[in-house]
Amino acid sequence: MILTRSLIPSLLTRSLKSRLYSTMSYPLVCLGNPLLDLQANVDQEYLKKYDLKDNDAILAEEKHMPIYGELLKRDDLVLVAGGAAQNTARGAQYILPPNSVVYFGSVGKDVYAEKLHQANAQYGLRTEYQVQDDIATGKCAALIYGAHRSLVTDLAAANHFKPTHLEKPENWKLVENATHYYIGGFHLTVSPEAIKKLGEHAAENNKPLALNFSAPFIAQFFKDPLDASLPYVDYVIANESEAAAYAESHGLETTDVVEIAKAVAKLPKANSARPRTVIFTQGLDPTITVKYDATSGEYEVNQYAVKELAADQVVDTNGAGDAFAAGFVASLVEGKAVAESIDVGHWAARLSIQQVGPTFPFPKQTYTAN
C-alpha cells in the first residue's frame, strides 16, 4: 500500500487505538474453559442411556462421545457460547461499565471459536484466547430434562491452556492492572499452574480472588489441585451438591452446609490480611455465607432468602449458578458489601433463567435493590 498524506493520520490513529486497547485497565480478570454449548431437551431414558444424572456436570468419557453427533443432527439444537467461567465473565460485563472484564482461555482455530467471539462481543467482553492450530474448540452437551440439566464436556482445546499465555507481556499487564480475579473450578483440571500464578499475584498485592467449585467431581477427583489453590482464594462459591462432595472427599463427616462452609473458611490463607468468605447457594433455599476471622477465631454466619419466580417464567435453568457468580463478583468489583452482592447475584440468576441458555436480556436491565 502506498502511504499518502491523507492516510497517515488514520494509520496513526489506528495504531494508537491498538496500543491503548492493549494497555487498558480491566478491573476483573476471569480464567476458565471456553466451550460451545450444544443444548437440547431430552427425556430420562436418554440420560439413562449414557449413565448420566440430573443436575450433574462431568468430563466426557469415550462412551459419551456419540452424544455430540446425535445432538448436531437434531432440529431443536440450540448453540450457546458457554463454559462456566466465560458465562460468568459475560454476565459480569453485562452488569459492569464497558471495558470492565477480560477473559482468558484456550480455543481452536475454527468456526466454533468465532461463534464464541461473536457472543462475547455482544456483551462487550474482551477475550484473550490462546489459539490451538490443530485442536478443535471444546464443547459441552447441555442436556435439559424438565427443570434439570446434565452437562457432559469434551474439553478439546480448552484442555491445552498454558501459563505461558498469561505470562506474555501484553497479557500480564492486564493481570497487573486488574483489581479482582475470578476462576472457574473446571480450570483445575487444565492448568493449576496458571491458577497458582494468578493466586500468588492476588495474594501478594492484596487483591480479591474468587474461585467457584463448579461441579461435584472437582472436589471428588481433583482434590489435590483444589487444595493447593484454596490458600489464595478469598471468596469460595459453590452450590449445595458441590459442598457435599467437598465434605465427603475431605472426610468432614457432616452434611450441614454451615459446618462445611466453616471448615473451608478456616483453611490457611496466603493473604492473612483478608478473611475468607464462603458462599453456598442452595437453589430456592437460602444462600449461606460464612466468614472466618483468624485473629478472633470467630465465624460470621448469614443466610439470604431467594426470591422465587413463578413457574411459567422459568425458561432454562442452565447457567443459573454462573449468573449468580456474575452478579456477586461484579458487585465486589463495584465495592458493594457481601450482603448486597448476594442480592445482585440472586437478581442476575433470575434474569438468566428467563432466557434460553446462560444469557441475559437486551436491552440491558439494571439491578435495583428491593
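Reply:
**A serine and its surroundings**

The side chain of Ser229 reaches the backbone oxygen of Pro225 at 2.9 Å, where a polar contact is a pair of N or O atoms within 3.5 Å; within protein, one must be able to donate a hydrogen and the other to accept it, and residues adjacent in sequence count only if both atoms are side-chain atoms. This is a predicted model, in which local features need pLDDT of at least 70 and side-chain atom pairs count only at pLDDT 80 or more, while totals for chains, interfaces and linings use all residues. Residues are numbered from 1 along each chain as its sequence is written, and side-chain values use heavy atoms, with hydrogens and water left out.

Ser229 belongs to helix α10 (residues 223-229); helices are DSSP runs of H or I with at least four residues, numbered from the N terminus. Ser229 counts as buried because its relative accessibility is 4%, buried meaning under 20% relative accessible area (1.4 Å probe, protein chains only). Leaving aside neighbours within four places in sequence, Ser229 is in contact with Leu188 and Ile195, contact meaning heavy atoms within 4.5 Å.

The largest nonpolar core has 54 residues, and Leu226, Leu230 and Phe280 are among those with the most contacts inside it. Such a core is a set of buried Ala, Val, Leu, Ile, Met, Phe, Trp, Tyr and Cys residues joined through side-chain atoms within 4.5 Å. Helix α12 (residues 257-265) supplies the largest share of this core, 5 residues.

Terms used
Buried means under 20% relative accessible area, exposed over 50%, partly exposed in between (1.4 Å probe, protein chains only). Helices (H or I, at least four residues) and strands (E, at least two) are DSSP runs, numbered from the N terminus.
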